[in-house]
Amino acid sequence: MADNKSQNNRPNLNLKKKSGDPLNKKKFNIYWVYGIIFIAILIFNYINLGNRTTEVTSRQFEDLMLKQGDVEKLVVVNKEIVEIYIKSDRLSNSKYKDLQLRGTSVKNGKGPHFYFQIISVEIFDKNFRAAQESIPESDRLSYSVITRKDYFMEILSWVLPIGILIAFYLFFMKRMSGGGGGGAGNIFSVGKSKAKIFNKEESTINVSFKDVAGLQEAKVEVMEIVDFLKSPQRYTRLGGKIPKGALLVGPPGTGKTLLAKAVAGEANVPFFSMSGSDFVEMFVGVGASRVRDLFKQAKEKAPCIVFIDEIDAIGRARGRNANYGSNDERENTLNQLLTEMDGFDSNSGVIILAATNRVDILDKALMRAGRFDRQIHVELPDLKERSEIFQVHLRDVKYDPAIDVGFFAKQTPGFSGADIANVCNESALIAARTEKKMVEKQDFLDAVDRIIGGLEKKNKVISPTEKKAIAYHEAGHATVSWLLEHAHPLVKVTIVPRGKALGAAWYLPEERQLNTSEQIEDEIAAALGGRVAEELTFSKISTGALNDLEKATKQAYAMVTYFGMSEKVGNISFYDSTGQSEYSFNKAYSEKTAELIDSEAKAIINKAYDRAKNILLEHHDSHRDLAELLLEKEVIFAEDLERI
């Protein structure tokens, strides 16, 4: 629900950075050292290559050099190489220039000028004596044998393997520590906080409360927290204290994280942001260490705000872990968090914001006043709020001005802010796919259908028999729901496959906070209308009613076990809103009560089934006409149903 245009209404926060800010300190990177060493090795090898002589064969040595009397001396090095020194007055000969083109030319005249390799000194000596038999005895040469050590290569042979092992060690330690800290210090910074810091000098958050549509009550609560930090004297002069924490609670996609971003954009104090999973690590004690480091940084920058997203990753109630008897690192992290939030050492000026959609599983000690003083409920938007959210997300979409945004708000009951943003984006993509100049009303409706039911599969091969069964099934749903008083209003019926469904009946649920037993029974009867239609029309049933039966069964059991809507079971509810029985092996009722629950749920479903059957028998002709029209058009709307 963010709009970038509104950032022009806020003062520019990108001010000049303070030179003393610890955030501006450049970290030393050990990889620069590695790079310098590598370049030095390359330069050293290049210098050595530049001093290397040209290699020749033993035949070239004998014919072109030895027999011509050009050799001044020979040196056998390490019993492997014979170095050849040419007389200085013979180096200018063209044959040596031709040979030196094959290798690196030697600029000085000292030599060695050429070399060749030998297998052993004994074989070389035998061949050398044989080659000199044709040379006068006065011109014959001798050779010397020396041992020359390459200290650089010897040192490198020891250092290189150790260096490779150290490099692999540092690399794997960095990967295991999550990449935090940078450079070789990773193994020592694994316990440091991984929170991202946004301060007023270099904030990159461009979201304000003006960009958050709907959520009026939640915005008032959060804006008050920001006001606490901006002008604390206004509240403390009467003896009040700034709240220590606020917990954002609500279903996924309702805007909890967006509210936190708005706080970061509005507050003129440092803002620390991290996820609950950032505390979790494979090393023992790392989670608690990161909590300590986070609050240490927060105290240094107080007053400030710390935001922990998905706090249920570390805030799950203690003693309810599935890994019984094990040393739970998560519990140690939670204990440290509890101590930091409200222990002997008070964190004056540090406000904790957290978000979760699993408030039922959080530890009671974490939820108490003094840690999270406020619970801010961020619920699904109502009709008015959905209209506001649509207007925010449609600012960047080129749509037909004749479109009534309120109509789409009515068509999307139960949608969260994230769902509405997806609808606007999908509608633009659908319009662009057909080369339209602007997004039209039908594009929005298609986007809603795609998000609810999935991608339309027009090319899916369905036999005529199956298509007829699907048509009568969906017509059964439509007929029963149309004639029941409390069933949801019908929008359209289709037999075009979409997602996993072969057909669907689209309803517009009423936005009601309470449901009576009559309303739930009507919904169950409408859900069973498809199965009843198959039985009456074809005298046999299919697997197409799986989703309907699942929905009806859950609603029937909820009536008996949760809402106390069964006379025989009575006004009893086995629903556990605290989540305490998540890992319990025992049921809250006896086997006899379980049998009674089963019989009562079955009786509710059978009663609804008989009601749907009587309705379809009474309106048999209308049901048949509706199914035939559905086979012909594939999609029919409420107007067609009303006419029939």
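A residue counts as buried when its relative accessible area is under 20%, and as exposed when that is over 50%. Keep in mind that this is a predicted model.

**Stop one: helix 8.** Select residues 256-266, which form helix 8. This helix is mostly covered, with eight of its 11 residues buried. Colour the buried ones: Lys256, Leu258, Leu259, Ala260, Ala262, Val263, Ala264 and Gly265.

**Stop two: a pair of helices.** Now select residues 464-483 for helix 17 and residues 517-527 for helix 18. Their axes sit 8 Å apart, and the two pack at an angle of about 155°. Anything over 145 degrees counts as roughly antiparallel, so that's how helix 17 runs relative to helix 18. Their crossing is right-handed. To see who makes the contact, show the side chains of His477, Val480 and Ser481 on helix 17, then Ala525, Ala526 and Ala527 on helix 18. Sorted by type, the contact residues come out as four nonpolar, two polar and no charged.

**Last stop: Lys149.** Pick Lys149, in the loop between strand 5 (143-146) and helix 5 (151-176). Is Lys149 buried or exposed? Its relative accessibility is 55%, so Lys149 counts as exposed.

Notes. Residues are numbered from 1 along each chain as its sequence is written. This is a predicted model: local features need pLDDT of at least 70, side-chain atom pairs count only at pLDDT 80 or more; totals for chains, interfaces and linings use all residues. Side-chain values use heavy atoms; hydrogens and water are left out. Helices (H or I, at least four residues) and strands (E, at least two) are DSSP runs, numbered from the N terminus. Buried means under 20% relative accessible area, exposed over 50%, partly exposed in between (1.4 Å probe, protein chains only). Axes are lines fitted to C-alpha atoms, for helices over the stretch in contact, and angles run from 0 to 180 degrees between N-to-C directions. Angles under 35 degrees count as roughly parallel, over 145 as roughly antiparallel, 65 to 115 as roughly perpendicular and the rest as oblique. A crossing is left-handed if the near helix is turned anticlockwise from the far one by less than a right angle, and right-handed if clockwise. Contact means heavy atoms within 4.5 Å. Ala, Val, Leu, Ile, Met, Phe, Trp, Tyr, Cys and Pro count as nonpolar, Asp, Glu, Lys and Arg as charged, and the others, Gly among them, as polar.
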